[in-house]
Amino acid sequence: MGYDLGLIVGHVDEELLCPICADVLEEPMQSSSCEHAFCRFCIEKWIQEKQICPVDRSDLLAIHLVPVSRLMRNMLGRLKIRCSFADNGCAALLPLSEFREHVANCQNNPKVVVTCTKGCGMKVPKDELARHNCIFELREQLREQINEISELRDMQAHQERRLSEHRRELELVQYYIAALRSTNSVIRNVGDQLDRYALMRWGRSLPLASVRTWGSLISTPDTSMHMMVREGLRASGCPMHLINVLMDCCYEDSWPEGLSTLEMRRMNLHRLAQYVTRLLPVLITGKPCVVVLCGDNSHMAENLRPVLGIVMIFIDGVDETHTEQAPLPDSDYL
Ligand SMILES: [Zn+2]
Ligand SMILES: [Zn+2]
Ligand SMILES: [Zn+2]
Ligand SMILES: [Zn+2]
């Protein structure tokens with residue numbers, strides 16, 4: 001590379017010239033043995049071909065290259081160079097260290113990028129500005145964007161096809177696992193743990209709820225409430241294979257012993273407030289619904305702790321609370 005000798009103002013000492021490019025040393029490096037100096041770019045390129053000094057042919061490897069002496073750096077630092085676009089009207093006189101950046105951004109550089117002020121706002125090389133036609137350029141841009149959109153659409157359609165294939169495969173795997181779980185107790189245990197984890201992941205997406213009146217709990221939903229809860233579970237992204245499991249847990253005969261009768265619930269009323277509950281979005285207007293998930297409620301007494309999750313429907317008295325949620329633990333939760 002090197003700085004163009006023709007642009008330097010005044011006399012340049014010969015030792016400041018690169019023997020390879022014959023211009024003024026740029027990022028100079030010297031051989032630690034023979035002390036000949038070169039531009040870093042020039043000598044690195046040279047060494048890829050030959051491992052000898054281009055001046056005296058002594059051995060020269062990349063590890064022998066060191067920065068030049070302070071004296072030489074000072075001499076280079078005193079040189080002044082004109083801008084490459086002096087002929088285009090630039091009067092700048094620069095130290096070598098500022099040359100490259102100045103030239104790249106020099107307003108007299110015909111290739112410097114400027115913003116079109118005729119309306120399109122595109123960035124155009126200065127020397128093309130005269131020929132630049134906003135409408136033509138914008139039309140080009142539009143055409144490119146239309147192509148891009150159609151490519152993205154194709155890609156999206158492809159991804160959707162793959163997604164539905166994956167969903168079908170997942171369903172098959174789930175049937176298979178269900179079959180295994182019914183016949184093997186180890187797999188049943190692992191499966192239960194995975195279910196609890198899947199429910200917790202889903203649960204994290206639901207807002208926390210606070211129940212004001214536990215007395216308004218409905219223990220046996222009618223058909224329309226049942227439908228409403230199912231719809232709410234589905235719409236909130238509850239894992240598909242657990243919807244039926246949770247639906248069964250809408251009824252008091254599937255609840256833990258401490259909730260299983262009205263008497264038990266009355267007896268435990270003061271402890272129910274310790275439940276961590278999550279609000280279910282219910283599509284059909286009606287009763288507020290909460291889920292009480294195993295993973296949220298390990299602090300509860302055993303006779304009140306849900307195996308997986310309980311769905312509770314209330315007549316009223318449920319509010320959404322905005323509490324900061326701790327991140328979901330990974331494997332240690334299992
Ligand atoms: Zn050079
Ligand atoms: Zn040498
Ligand atoms: Zn300039
Ligand atoms: Zn324009």
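## Close-up views of a predicted model

View 1. Arg57 is exposed, because 10 other C-beta atoms lie within 10 Å, and a residue counts as exposed at 12 or fewer. In this predicted model, Arg57 sits in the loop between α1 (40-49) and β4 (65-67), and its phi is positive, at about 60°, although the residue is not a glycine. Most residues other than glycine have a negative phi.

**View 2. A partly exposed glutamate in a loop.** Glu27 belongs to the loop that lies between β1 (8-9) and β2 (28-31), and its phi, near 45°, is positive in a residue other than glycine. With 16 other C-beta atoms within 10 Å, Glu27 is partly exposed.

**View 3. The span annotated as a coiled-coil region.** An unreviewed UniProt entry places the feature "coiled-coil region" at residues 135-169. In the model this span is 100% helix and 0% strand, and the C-alpha atoms at its ends lie 51 Å apart.

**View 4. The packing of helices α6 and α7.** Helix α6 (residues 223-235) packs with helix α7 (residues 240-248) at an angle of about 145°, their axes being 10 Å apart, and α6 passes α7 in a right-handed crossing. On the α6 side the contact is made by Val229, Arg230, Leu233 and Arg234, while α7 contributes Ile243, Leu246 and Met247. Sorted by class, this contact of α6 with α7 has five nonpolar residues, two charged residues and no polar ones.

View 5. The strands follow the order β10-β13-β12-β11-β9-β14 in an open sheet with antiparallel pairing. At the edges stand β10 (217-218) and β14 (318-321), each of which has a single partner strand, so one side of each is left without a neighbour in the sheet. The partner of β14 in this view is strand β9 (residues 208-211), and the two pair in the antiparallel sense over four bridges; Val211 has Val318 in β14 as its bridge partner. Helix α5 (residues 185-203) lies across β11 (277-280), β12 (289-293) and β13, and runs at about 135° to β12.

View 6. Val311 is found in strand β13 (residues 309-314) and counts as buried because it has 25 C-beta neighbours inside 10 Å, where the cut-off is 20 or more. Leaving aside residues up to four places away in sequence, Val311 touches Val229, Leu246, Cys249, Cys250, Cys289 and Val291. Ala92, by contrast, is 219 residues from Val311 in sequence and 78 Å from it in space, C-alpha to C-alpha.

Definitions and conventions: Residues are numbered from 1 along each chain as its sequence is written. Chains are lettered from A and ligands numbered from 1 in the order in which they are written. This is a predicted model: local features need pLDDT of at least 70, side-chain atom pairs count only at pLDDT 80 or more; totals for chains, interfaces and linings use all residues. UniProt positions are given in the numbering used here, feature names are shortened, and annotations may be inferred rather than shown by experiment. Axes are lines fitted to C-alpha atoms, for helices over the stretch in contact, and angles run from 0 to 180 degrees between N-to-C directions. A crossing is left-handed if the near helix is turned anticlockwise from the far one by less than a right angle, and right-handed if clockwise. Two residues are in contact if their C-beta atoms, placed from the backbone, lie within 7 Å. Ala, Val, Leu, Ile, Met, Phe, Trp, Tyr, Cys and Pro count as nonpolar, Asp, Glu, Lys and Arg as charged, and the others, Gly among them, as polar. Two strands pair if DSSP finds at least two bridges between them.
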